[in-house]
Amino acid sequence: MQTSHSRKIACVLGIETSCDDTAVAIYHQNSGILSHILKSQWTTHQPFGGVVPELASRDHIRFITPLIHEAITQANLRYSDLDGIAYTAGPGLIGALLVGASIAKSLAYSLGIPAIGVHHMEAHLQATMLEDPAPQYPFVALLVSGGHTQLVYAHQFGQYQLLGQSLDDAAGEAFDKSAKLLGLGYPGGPAIAKLALEGNASRFKLPRPLNERGNLNFSFSGLKTAVAHAWRDCPQTPTDRADLAASLQLAIVDSLTKKSLAALEHCQCSRLVIAGGVSANQLLRQRLLDGAKRENYQLYFPRSEFCTDNGAMVAVTGFLRFQQPKAQQSLAIDVRARWPLAEL
Ligand code: KG4
Ligand code: ZN
């Protein structure tokens, strides 16, 4: 069964439960983000060195209702002030997605307002629209998270063309897996970035695969293996660990920077958006800013707290989707573990 709304949608509650962060936010057309709250499940997953899907679903169930209530209270609103609800429908962990979808649909049904499912990577990308200035279309976007590494050409809202992507591990995964190898805990990206500040990035020569001109795909699984071998073959002192962290970060940032700039050239485009958890990385931002300055490109990225998973990106994407003339919402609980962005 499908419903389409007639009510003007100005105030949207966003719910994000695709992985290990339970996050909610409220976006208003006139005032922007009114509240945003995130409860990390870090302490649940930390002992396992990675996300345990079943535990993630259970934590989402425990956290989600109090978080929604807190977001409404912080924004100084009543439930009846909401015009619509957006939730992450995929890609992500299926059980975790189902928690967000179920609560969004039931709450929307009880309030008599529409609910809409949004694509997690589109939401990461649209987080940049919360900044001033926001990027104008068209632009090239580098989407880098724990599960995805993609270069896309954004023609307009909702129309994305895939230019290149990782053929194996995502950049965030390379950070996380290497951090685990080096005994740095989870999530690995911030831990590697912190330790890299003390290390010598030119000490270990790590691979930059698919480096030939014109190739916009990435590969990071060989890097993880190279880190494992380098770590096995050295005395494993604190200096070795810091040097390896710095060398790894540089190798990942080199690949991301080079291919992003090549994608801009390929598309004859001067605007680059970076988004997703890895876009919080300071070295990546600096390298891209340097490259953009040299070539006269403009670089856009979300504030740090909106780079990693958050509810604000879902709320704003839902708001934009609701403005589309044919925004339809099914009453079914529909989520997708896999969902190519280009299918939107
Ligand atoms: O977007 P996100 O929060 O979740 C997914 O959609 O996957 O991204 C999480 C990823 C993790 O792999 C984490 O290690 C990485 O983003 N990350 C970073 C940094 N902050 C988070 N990687 C490098 N440098 C950072 N500062
Ligand atoms: Zn994400």
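Mentor: Let's start with a side-chain pair: Thr88 and Glu16 make a polar contact through their side chains, at 2.6 Å. A polar contact here is a pair of N or O atoms within 3.5 Å; within protein, one must be able to donate a hydrogen and the other to accept it, and residues adjacent in sequence count only if both atoms are side-chain atoms.

Before going on, a word on the model: it is predicted, local features need pLDDT of at least 70, side-chain atom pairs count only at pLDDT 80 or more, and totals for chains, interfaces and linings use all residues. Residues are numbered from 1 along each chain as its sequence is written, chains are lettered from A and ligands numbered from 1 in the order in which they are written, and side-chain values use heavy atoms, with hydrogens and water left out.

Back to Thr88. You'll find it in strand β5, residues 84-90; strands (E, at least two residues) and helices (H or I, at least four) are DSSP runs numbered from the N terminus. Thr88 counts as buried because its relative accessibility is 1%; buried means under 20% relative accessible area, exposed over 50%, and partly exposed in between, using a 1.4 Å probe and protein chains only. Leaving out neighbours within four places in sequence, the contacts of Thr88 include Glu16, Leu97, His120 and Val314, where contact means heavy atoms within 4.5 Å. Keep two of those names in mind: His120 and Val314.

His120 takes us to the ligand. One of its polar side-chain atoms lies 3.1 Å from an oxygen atom of ligand 1.

Who makes up the shell? There are 18 residues around ligand 1, and the closest are His124, Gly146, Asp176, Gly189 and Asp309; a residue is near the ligand if one of its heavy atoms lies within 4 Å of it. By type, the shell has five nonpolar, eleven polar and two charged residues. Three helices each supply at least two shell residues: α4 (120-126), α5 (171-181) and α6 (188-196).

Gly146 deserves a stop. It sits in the loop between β7 (139-144) and β8 (149-156), and it is partly exposed because its relative accessible area is 43%. Not counting residues up to four places away in sequence, Gly146 touches Ala170, Gly172 and Glu173. Thr149 is buried, with a relative accessible area of 3%, and its side chain reaches the backbone nitrogen of Ala171 at 2.7 Å. Among the residues Thr149 touches are Ala170, Phe218 and Leu256.

Now for Val314, the other name to remember. It is one of the buried residues of α10, along with Gly311, Ala312 and Met313 among others. In total, eleven of the twelve residues in α10 are buried. The helix runs over residues 311-322 and reaches 16 Å from its first C-alpha to its last, close to the 16 Å expected; the expected span is 1.5 Å times one less than the number of residues. At the start of α10, a side-chain oxygen of Asn310 comes within 3.0 Å of the backbone nitrogen of Ala312.

One last thing takes us back to β5. Most peptide bonds are trans. The one from Gly90 to Pro91, though, is cis, with omega near -10 degrees, and Pro91 lies in the loop between β5 and α3 (94-111). Another cis bond joins Tyr137 and Pro138, with omega about -5 degrees; Pro138 is in the loop between α4 and β7.

Notes
Nonpolar A, V, L, I, M, F, W, Y, C, P; charged D, E, K, R; others polar.
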